[in-house]
Amino acid sequence: MSLMIIVEGKNDKSRLRKLLSSEVDILCTYGTPGTERLERIKKLAADAQVYIFTDNDASGRKIRALLSDAFIDAEHIYTKRGYAGVEGTPDEYLIQQLEKAGLEEYINYSVLDKMIE
């Protein structure tokens, strides 16, 4: 079974891409998805274990609710209130949240090593 994380935008995607192996697919909603976009996402994620990782703001919560209805078995990953969304969350915290979701085998820990150097 493949793994898929659904995020809001391309900056969130690029932020997570550097932390995760290419085995994990990352899809963007590009804001609040309309019916057509939501159907495309559902089709792409049909056989995947889905993780929803949206910002902790009004827009992110709205998108999370839509995605939760579409993917009732999805795992949820959260960022802290106060961070500027997924893209503005420190790598250490993102990694903690990815580990909580059970994705440690897909995490590129060398990112943390580069920060220490």
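Reader: Where do E39 and K42 lie relative to each other?

Author: Both residues are in helix α2, three residues apart, which is about one turn of the helix. Helices are DSSP runs of H or I with at least four residues, strands are runs of E with at least two, and both are numbered from the N terminus. The model is predicted: local features need pLDDT of at least 70 and side-chain atom pairs count only at pLDDT 80 or more, while totals for chains, interfaces and linings use all residues. Residues are numbered from 1 along each chain as its sequence is written, and side-chain values use heavy atoms, with hydrogens and water left out.

Reader: What makes the contact of E39 and K42 a salt bridge?

Author: The rule asks for a side-chain nitrogen of Lys or Arg within 4 Å of a carboxyl oxygen of Asp or Glu. For E39 and K42 the N to O distance is 3.4 Å, so the pair meets the rule.

Reader: Why is E36 called exposed, but R40 partly exposed?

Author: Buried means under 20% relative accessible area, exposed over 50%, and partly exposed in between (1.4 Å probe, protein chains only). E36 has 60% and is therefore exposed, whereas R40, at 42%, is partly exposed. Their side chains also form a salt bridge, at 3.6 Å from N to O. These two residues are four apart in helix α2 (residues 35–44), or about one helical turn.

Reader: How many salt bridges does the rule give, and which parts does the pair K18 and D91 tie together?

Author: The count is four. Among them is K18 with D91, whose closest N and O atoms are 3.5 Å apart. K18 lies in the loop between α1 and β2 and D91 in helix α4 (residues 91–100), so this pair ties together parts 73 residues apart in sequence. D91 is buried because its relative accessible area is 6%, while K18, at 40%, is partly exposed. R15 joins K18 and D91 in a network of salt bridges.

Reader: What makes E23, E99, E104 and E105 a patch of negative charge?

Author: A patch takes residues with over 30% relative accessible area and no salt bridge, joining like charges within 9 Å and nonpolar side chains (Val, Leu, Ile, Met, Phe, Trp, Tyr) within 5 Å. Asp and Glu count as negative, Lys and Arg as positive, and His and the chain ends are not counted. These four residues gather in such a patch on the surface. E23, in the loop between α1 (10–17) and β2 (24–28), has 55% relative accessibility and so counts as exposed.

How values were computed. Accessible areas come from the Shrake-Rupley method with a 1.4 Å probe; for residues, only the protein chains shown count as cover. The place of a charge is taken as NZ of Lys, CZ of Arg, CG of Asp or CD of Glu.
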